[in-house]
Amino acid sequence: MRQGARTRRAVLTAALVAVTAAASLTAGCTRHRPADDSRAPARTPTPSTSATPTPTPAAGSLLAVKIDNVSAARPQTGLGAADVVYTEQVEGGLSRLMALYATRLPKSVGPVRSARESDLELLRQFREPTLAYSGAQRKLLPLIGRAPLRAESPDDAESAYYRGTGRAAPHNLYLRPARLLPSAPGRAALTTGFRYGPAPSGGSPAATRTVRYPAARFAFTWSGQRGGWLVAMDGTPAATTDGGRLAPPNVVVQYVRVRSSKYHDVLGNRTPYTETVGSGRAEVLRDGRSFEARWSRPAATDGTEFTTADGGPMNFADGQVWVVFAASSG
């Protein structure tokens, strides 16, 4: 009888030890999962040679990628291949980028970071764009799910993402664009409203232009040798790992209303909402000159039209366009 009781106690003790060990392992995995402003996907992607099939994008669907822009994320990868680069203000007065790819797809893009509410309004001007992002604030996810776009986070297309080496998470998540789009859709997918052609008359010579956010700044310095504006971010020359120094031929400083959204980060900082529908003042930099301009986007499904101060068409030089959203004073 006593021998049977001892046997049962031994079995129960072994089972309790196994359960405790499993719980400890699970807790350890949870604590060490990389975070992304509390917006990280549930899984941490690792390099994979086998692609998981993802839904086919709509014909002409361009690729929009949210890109990290704090110092720990630089130099970025694949930014020089973008057709359009938008800069936006995020929590804490910092900046983040959204790069659009229509005419060519780089081998890799990143570091990829999380989406914001105003991204959805900005992307309404395109036909079912593919949005690559690391995740989003939990309450924002339903809005992303209802938006007329193809949202592809690592939870949706794990094989398209990988964690790079040499950087700490969350600044090491990268995208393989070819895993999301079979090919670049072409310039016709850029329904931004931009016009390309000869520069208008007028303008004034410009050597450099700086735009400041509360905790970030962008500077653009004209280089006749490069035929573009050398980019500096927070006082540091901006380069990429795969293409060298960034020098877009076009820079737009677009003055918009920036207000607080209802979303916030883990510290309670409200997410700025950048309003891109409406109209206002702009400054266009091209060919070493600055042009006063106006922008107009009557509806979210419209592209943004830029006109000169006298109401004529504002043409852009062929090549990459950087649009810096700056808060209007009004």
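Asp-119 counts as buried at 1% relative accessibility, where buried means under 20% relative accessible area, exposed over 50% and partly exposed in between (1.4 Å probe, protein chains only). The model is predicted, so local features need pLDDT of at least 70 and side-chain atom pairs count only at pLDDT 80 or more, while totals for chains, interfaces and linings use all residues. Residues are numbered from 1 along each chain as its sequence is written, and side-chain values use heavy atoms, with hydrogens and water left out.

**Salt bridges**

- The structure has eleven salt bridges, a salt bridge being a side-chain nitrogen of Lys or Arg within 4 Å of a carboxyl oxygen of Asp or Glu.
- Asp-119 pairs with Lys-66 in one of them, with 2.8 Å between the closest N and O atoms.
- This bridge links distant parts of the chain, since Lys-66 lies in strand 1 and Asp-119 in helix 2 (residues 117–122), 53 residues apart; helices (H or I, at least four residues) and strands (E, at least two) are DSSP runs, numbered from the N terminus.
- Lys-66 is buried, with a relative accessible area of 0%.
- A second bridge joins Asp-68 to Arg-113, with the closest N and O atoms 2.9 Å apart.
- Asp-68 sits in the loop between strand 1 and strand 2, and Arg-113 in the loop between strand 3 (95–101) and helix 2, so that the pair links distant parts of the chain, 45 residues apart.
- Both Asp-68 and Arg-113 are buried.
- Glu-152 and Arg-150 meet through their side chains in a salt bridge of 3.1 Å, N to O, and both residues are buried.

**Surroundings of Asn-69**

- Asn-69 is in the loop between strand 1 (63–67) and strand 2, and it is buried at 2% relative accessibility.
- Its side chain makes a polar contact of 2.9 Å with the side chain of Gln-76; a polar contact is a pair of N or O atoms within 3.5 Å, where within protein one must be able to donate a hydrogen and the other to accept it, and residues adjacent in sequence count only if both atoms are side-chain atoms.
- The side chain of Asn-69 also has a polar contact with that of Ser-95, at 2.9 Å.
- Not counting residues up to four places away in sequence, Asn-69 touches residues including Arg-74, Leu-97, Phe-218 and Met-233, contact meaning heavy atoms within 4.5 Å.

**Aromatic rings**

- There are eight aromatic pairs: rings of Phe, Tyr and Trp (its six-membered ring) pair if their centres lie within 6.5 Å, and planes under 30 degrees apart count as stacked, over 60 as edge-to-face and the rest as tilted.
- Tyr-86 and Phe-325 form a stacked pair, because their ring centres are 5.5 Å apart and their planes are at 5°.
- Tyr-86 belongs to strand 2 (residues 84–89) and Phe-325 to strand 23 (residues 321–327), so the pair ties together parts 239 residues apart in sequence.
- Tyr-86 and Phe-325 are both buried.
- Tyr-213 and Phe-218 make an edge-to-face pair, 5.8 Å centre to centre with 75° between the planes.
- Tyr-213 is buried at 7% relative accessibility, and Phe-218 is buried with a relative accessible area of 0%.
- Phe-194, Phe-306 and Phe-316 are linked into a cluster by ring pairs.

**Charges over rings**

- The charged end of Arg-259 sits over the ring of Tyr-273, 4.2 Å from its centre; the rule asks for NZ of Lys or CZ of Arg within 6 Å of the ring centre and within 35 degrees of the ring normal.
- Arg-281 lies over the face of Tyr-255, 3.9 Å from the ring centre.
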